[in-house]
Amino acid sequence: MSEKGGGGNPASFGFETRMIHAGSPPEPVTGARQTPIYQNVGYVFHDADHAASLYNLQTFGFIYSRLTNPTVSALEERIASLEDGRGATCCASGHAAQLLAFFAFMEPGDAFVASNRLYGGSITQFTKTFRKFDWHAHIVDVDDLEAVRAAITPRCKALFVESLANPGGMVSDLEALAAVAHEAGILFIVDNTLATPYLCRPIEWGADLVVHSTTKFMAGSGTSVGGCVVDSGKFDWAQNDKYSGLTAPEPAYHGISFYETFGDLAYTNHAHAVGLRDLGPTMAPMNAFLTLLGCETLALRMERHCDNALAVAQFLSRHPGVAWVSFPGLPDNPYRARAEKYLAGRYGSLFTFGVKGGYAMGMKVVESCELWSHLANIGDTRSLILHPASTTHRQLTEEQREAAGAGDDTVRLSVGLETVEDIIADLDQALRRAMAASGKAAD
Amino acid sequence: MPKELVYSDPTIRRILRDVRTIAMVGASPTWNRPSHFAMKYMQTKGYRVIPVNPKAAGQEILGERVYASLAEVPDRIDMVQVFRNSEAAGPITDEAIALAREKGIRVLWMQLGVRNGAAAARAEAAGLEVIMDRCPKIEYGRLHSELSWGGFNSRVITSRRPKLRIWS
């Protein structure tokens, strides 16, 4: 291998190579080629000094699986590589990832700005549960950059958006929003769950942290709940006095400053050594293994997911029972230009449409499906359907539901990998049955 | 922000394989300082690390006597590691160049965050190999899968079975 050739160096491997290999070299003891499931809690120390070095964070290694585990580490490196980040911290769920992401730097009384189009569960976590920590989310329309600027109060420490919104399919203007956050000296955090790093790498557009629910397209088959926080390694935590969680002496680790001691490794080290240690939402090794398997086929699945979704959206846009379709791949969609810019000309596979006939009609369509599964997940190989107003978004007010793109007539689809004609035929028969039923009711 | 420096993995691997003795300028006797962490780690990987620090001259750090300057180090030195700021790297570099033939110094390595382009150019002109803005501990860990244990992107991809080192 020539030194000039850059073998083993950064940009020399493509996305598909990294989705299979990153984080998973052969296991040295046995030569096992697939990453083993280290279903294990503790790790034997060489001696007392080694143990002390590990506890003092002076050396690399495993102590206890609440903090790190070899199977989980493999997935962390895999996702960090796919997002082109410095490091990643996997955890028990996407919600845990959001808690972990903020925990490193938020203090009681602090605030952050978040998009009003976020997944309903995120809005609830941010505005209800985070309140208990005295953390305050300012919810704004992130398409209005002036509103975003105005919402950044002195105690604000981050701006949080989804790259592709669940369920409305809105695409955030990442580059412009990153500039607004960085002008104010605050973090830009992007939930990249729906786009996945195959369609969008937010760090390339200025994101400082990327969060995922790995439950969705990463795991891909509806087997494993999980989450991840990816750190770009590029944020200067010492640029102002807002991020003392990473810059001030840490009493639980003999007064070291994480940023001074670990540089661009600081955030990810902190997320494990303090975040996971004290909050405890660890990802199980089996879930990490299943998610690693999912990542191996991410590009192939995303291409087919996106192709099928485009075909379904085009079908629905011509259907007599459908009032509107919110899919960034349709010609009249206001987010199409941003999808071309940020999603590599693809549009994801999760979107909403409106039925003619409102709340009752929406529920009837969902109940009339034979192939589409009525359940609260997305990003599965199977096609999934849901009526958000009566399920995932029912804890929100009507106004919040409308803002989130989840009004009464809205049906959410997560288009799977079945034969596309079968996917369309089942939706067609469900719509026709619902239309017939409502026609009878009208008589 | 200055442009990112690029060093190939084979270059870093070769340096870390060929170097055995490191003079660490700026090594701290305080156990929880970053330089002390790095020195202890490199010792466990089989390197001899000789601390250079005028403020601690004559003391011992991790079993090694501390010298006031590179010139006072009685042993041969393969690599000078600069654990001081970018400005201080200038005179340290000049001292390393002056001593290169006598001590056998082949590599000048400036710590993560430390860059001094003028000093690097002088060292290279004098025949030294220069690395800037990298941490030898992080690079060693990165190239030997240990950094990956912490969830980091090592940027290393390989289908080769790693050779097992026997723990001492």
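Modeller: With the naming of elements: helices and strands are DSSP runs, a helix having at least four residues and a strand at least two, numbered from the N terminus. Keep in mind that this is a predicted model.

Biologist: Then which helix holds Phe315(A)?

Modeller: Phe315(A) lies in helix H13 of chain A, residues 298–317.

Biologist: Is Phe315(A) buried, exposed or partly exposed?

Modeller: A residue counts as buried if 20 or more other C-beta atoms lie within 10 Å of its own, and as exposed if 12 or fewer do. Phe315(A) has 17 other C-beta atoms within 10 Å, so it is partly exposed. Its C-alpha atom is 57 Å from that of Thr59(A), a residue 256 places away along the chain.

Biologist: How is chain A divided into domains?

Modeller: The domain assignment gives domain 1 of chain A as 15–294 and domain 2 as 298–442. Their C-alpha centres are 30 Å apart. Between them, 34 residues of domain 1 are in contact with 35 residues of domain 2. On the domain 1 side, helices H1 (15–21), H5 (120–129) and H8 (196–199) of chain A each supply at least two residues. H5(A) has the largest share, four residues. By class, that side of domain 1 has 17 nonpolar, 13 polar and four charged residues.

Biologist: What does chain A show where it touches chain B?

Modeller: There, 48 residues of chain A are in contact with 32 residues of chain B. Among the elements of chain A that each supply at least two residues are H1, helix H3 (70–82) and strand E1 (87–91). H3(A) gives the most, six residues. The chain A side divides into 15 nonpolar, 26 polar and seven charged residues.

Biologist: What is the general idea behind a nonpolar core?

Modeller: In soluble globular proteins, nonpolar side chains tend to be buried together. Here the largest nonpolar core has 183 residues, and Leu177(A) and Met24(B) are among those with the most contacts inside it. H13(A) gives the most to this core, with eight residues. At least three residues come from each of domain 1 and domain 2 of chain A. Setting aside neighbours within four places in sequence, the contacts of Leu177(A) include Val142(A), Leu159(A) and Phe188(A).

Biologist: How should I read a strand?

Modeller: In a regular strand the side chains alternate between the two faces of the sheet. Take strand E12 of chain A, residues 410–414: five of its five residues are buried, so the strand is largely enclosed by the rest of the structure. Thr410(A), Arg412(A) and Ser414(A) are buried on one side, and Val411(A) and Leu413(A) on the other.

Biologist: Which strands are joined to E12(A)?

Modeller: Strand E9 of chain A (350–355) runs antiparallel to E12(A) and is joined to it by five bridges. Within that pair, Phe353(A) has Val411(A) as its bridge partner. Strand E11 of chain A (384–386) also runs antiparallel to E12(A), with three bridges, and Leu384(A) is partnered with Ser414(A).

Biologist: Where does helix H3 of chain B bend?

Modeller: H3(B), residues 89–103, bends by about 35° at Ile97(B). Its buried residues are Ala89(B), Ile92(B), Thr93(B), Ala96(B) and Lys103(B). Strand E1 (21–25) and helix H4 (117–125) of chain B are among the elements that cover them. Just after the helix, Gly104(B) takes a positive phi of about 85°.

Definitions and conventions
Residues numbered from 1 in each chain as written. Chains lettered and ligands numbered in written order. Predicted model: local features only at pLDDT ≥ 70, side-chain atom pairs only at ≥ 80, totals over all residues. Domains from an automatic or database assignment. Contact = placed C-beta atoms within 7 Å. Nonpolar A, V, L, I, M, F, W, Y, C, P; charged D, E, K, R; others polar. Bend = angle between axes of the 7 residues up to and from the residue. Core = buried A, V, L, I, M, F, W, Y, C linked by C-beta atoms within 7 Å. Pairing = 2+ DSSP bridges.
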